[in-house]
Amino acid sequence: MIPGVTIEEKTDPLQGQILEVSMGPHHPSTHGVFRMDVKLDGERIVSLKPVFGYLHRNHEKIAEDVSYLGSIPYTDRLDYLCSLTNNWAYCLAVEKLTGFEVPERAEYIRVIVGELTRLVNHTCLMGFFVQDLGAMGTPLMYAFREREKILDLFEGLTGARMMCNYMRFGGVRCDLPSGWIDEVKKVVAAYPRFLDEFESLLTQNEILIARSQGVGVLSKELAINAGITGPCLRACGVGHDLRKVDAYSIYSRFDFRVPIGAHGDCYDRFMIRLLEMRESLKILDQAIAALPAGPIMDPKAKSRGVRPKAGEAYGRIEAPKGELGFYLISEGGPSPYRYRVRPPSLINLTVLEDMCLGGTVADAIAILGSIDIVLGEVDR
Amino acid sequence: MLGTGILKGLKETARNVIGSFRDKERLPTVMYPEEKVKTKENFRTFPFLVFDGNDAMLGLRCVSCRICEKECPPQCIFIIQERDENNKAVKHPRVFDIDFSVCMQCGICAEVCPFDAIKMDNIYELAGDDRFTGLLVDKHRLAKSNHYYHQIKPTEADEVDSRLAEDRRKAEEAAKAKAAAAAAKAAPPSSTAT
C-alpha cells in the first residue's frame with residue numbers, strides 16, 4: 001500500500017470504498033509546501049482539507065520586535081514573486097500612521113514598479129497554470145523568458161531581482177538610474193507582442209479548454225461571502241478592484257478598465273490575468289509619459305527611528321493576487337504593538353474545497369493552480 | 001474543427017524554435033559559468049567595509065557607532081568597539097563580524113550608515129565548504145578599498161566621495177572659524193588697547 005493512503009469502509013460494501021489520499025506537501029504542482037488531504041470516491045473528490053503552515057516563519061511576531069524600517073525586507077518575502085507590491089502595502093499602512101506624504105514623482109515610480117510587478121506575477125502564473133495542466137516546460141519557459149526582462153529592470157533599479165526592498169515611508173529609496181525609463185519603455189513596447197503570442201499559443205487550445213472550462217466554478221455569492229479578492233473574484237463577475245474602489249495612490253488619474261469574467265471557472269481566471277496585463281501595460285504607458293521630476297522622498301519623512309503616534313491603521317492595495325492589507329497598531333514605540341497581514345493567497349485558498357468537490361484529482365490541481373497562491377504568503 | 005487550436009499553438013512553438021537560431025531575443029540563455037551576464041551597477045549582495053588609503057585596518061571609515069548592528073533586521077552584524085590603554089573608547093571597531101549565512105542582503109546597513117563606511121558588494125560566487133566559520137566574515141575579510149568601491153559602483157562612489165569631501169571642507173571651515181574666534185578673543189583689539 002502507498003504510504004499516506006488509507007481506505008475507509010463504506011457501509012455498503014457493494015458501493016466500494018472511500019480512499020483518503022494525502023497530496024503533498026512535496027507535490028510539484030502545489031506551488032510550495034502545501035498539503036491537501038483528499039477523500040476520493042473513485043476518481044471524484046468527496047472531501048478536501050487544505051493543510052498548510054509548513055513555511056511558517058513567524059513573520060508577524062518578528063515584525064513586532066524589529067523597527068518599522070526593519071520589517072520592509074521581511075515583507076519582500078511574503079509573496080516573493082511580487083515583493084514591490086508588498087513593500088507598497090506596508091508603507092501605505094505606516095504612512096497612514098505617521099502622516100508622511102508621498103511626493104508626486106515617488107507616486108509615479110510606485111505605480112510603474114507596481115504594475116511591472118503585476119506583469120511579472122501574471123506572466124508567471126499563466127506559465128505555472130498551464131504547467132499544472134500538463135503543458136510541461138514550453139509555455140512556462142516562454143513566460144519566464146519575458147519575466148526575466150522585467151527582473152532585469154528591477155535589478156537595475158533596486159539592486160535585487162526578487163527581494164527588492166525598495167519602498168520607504170514617504171517615498172522610495174533611490175531615484176531612477178539614468179536610462180532606466182528608456183529600458184522600461186522598450187520592455188513595455190515589446191510586451192503586447194509576447195501576450196499575442198501567448199494567447200495564440202494557448203487560449204484556443206482544445207486541451208486547455210477541456211481541462212479548464214467549467215472546472216472549479218466559484219459562484220458570485222460564495223466569492224463575496226468568503227472575502228475572495230483579486231482576479232479570482234473578478235472572474236466570477238464582480239467588478240471589485242481596489243485601484244478603482246479605493247483609488248489609492250494616483251490610480252484615479254489613469255485610464256484603464258477592469259476585466260470581468262462571466263463563469264468563475266478556471267478558464268475565466270486564466271483569461272482575466274491575460275486581460276489585466278494588457279490594462280497594466282496601458283497604465284504603464286500613461287505613467288511613463290506623465291512621470292514628473294522632483295523629489296522622491298517627503299522631506300519630513302525619515303526611514304530610521306520612525307515612532308508613529310499611538311493609533312491604528314490599515315493600508316491595503318490591489319496586489320496582483322488580490323487585496324493585500326497590513327494592519328498596524330502603534331503604541332508610540334519604535335516597533336508596532338500589533339502587526340497583521342491580510343494575505344490574498346490565504347483568503348482565496350479558503351474556498352478551495354467548495355471549488356474542488358465533485359471534481360477529479362486532476363481538476364484539483366488545475367483549480368489550485370488557477371487560484372494563484374504563493375506559500376510564503378499563505379503561511380507567513 | 002477540433003485540433004485547430006493546438007495547431008495554431010504549435011505554429012507559435014515552431015516560430016520560436018526557428019527564431020531561436022537567428023533572433024537573440026528568442027534565445028536568451030547564457031552559458032554560465034563560461035559566459036556571465038554583467039551585473040547592473042545597483043546590484044547588491046553582501047555588505048563590505050570601505051577603507052581609505054593603503055592600510056585596510058587604519059583606514060576603515062567605520063567608527064563603530066553600531067547603528068547598523070541595531071538596524072540590521074536579521075541581526076547578523078556583531079561589533080565590539082576598540083578601547084585604548086586607558087580603557088577609553090576609540091572610534092574604531094575592534095571586532096566587526098557579519099554572518100553571511102544569516103545576512104539577507106537587504107542593504108539596510110548601508111542605507112543607515114551615516115559615515116558611508118558600509119556598502120553593498122556585488123560578488124555572488126561565495127560557495128564554500130566550511131559551513132560555520134567560512135561564512136562568518138571578520139573585519140579583515142570585510143575591508144575593501146575605496147578604489148574597489150569605485151570599480152564596482154562608479155556613480156554611487158563618486159557621489160559619496162564628493163559628499164565626504166564637502167563634509168570635510170565644512171568641518172575644516174568650522175574649525176578655522178572657531179580658531180579665528182578663539183584667537184580674536186585671546187588677543188584684544190588694538191583700538192581698545194591704546
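**Notebook: a helix pair and a chain interface**

The model is predicted, with local features needing pLDDT of at least 70, side-chain atom pairs pLDDT 80 or more, and totals for chains, interfaces and linings using all residues. Residues are numbered from 1 along each chain, chains are lettered from A in the order written, and side-chain values use heavy atoms without hydrogens or water.

I noted that helix 6 (residues 180–202) and helix 11 (residues 266–290) of chain A pack at about 160 degrees, their axes 11 Å apart. Axes are lines fitted to C-alpha atoms over the stretch in contact, with angles from 0 to 180 degrees between N-to-C directions; helices are DSSP runs (H or I, at least four residues) numbered from the N terminus. That angle makes helix 6 of chain A roughly antiparallel to helix 11 of chain A (over 145 degrees).

I then turned to the two chains. I found 36 residues of chain A in contact with 29 residues of chain B (heavy atoms within 4.5 Å). The area buried between chain A and chain B is about 2700 Å², with carbon and sulfur atoms giving 49%; buried area is the accessible area (1.4 Å probe) lost on putting two parts together, summed over both. In chain A, R145(A), E206(A) and R304(A) lose the most area to chain B, together 20% of what that side buries.

I recorded 2 salt bridges across the interface of chain A and chain B (a side-chain nitrogen of Lys or Arg within 4 Å of a carboxyl oxygen of Asp or Glu). I also looked up the salt bridge of R168(A) with E111(B), where the closest N and O atoms are 2.5 Å apart.

Key:
Helices (H or I, at least four residues) and strands (E, at least two) are DSSP runs, numbered from the N terminus. Angles under 35 degrees count as roughly parallel, over 145 as roughly antiparallel, 65 to 115 as roughly perpendicular and the rest as oblique.
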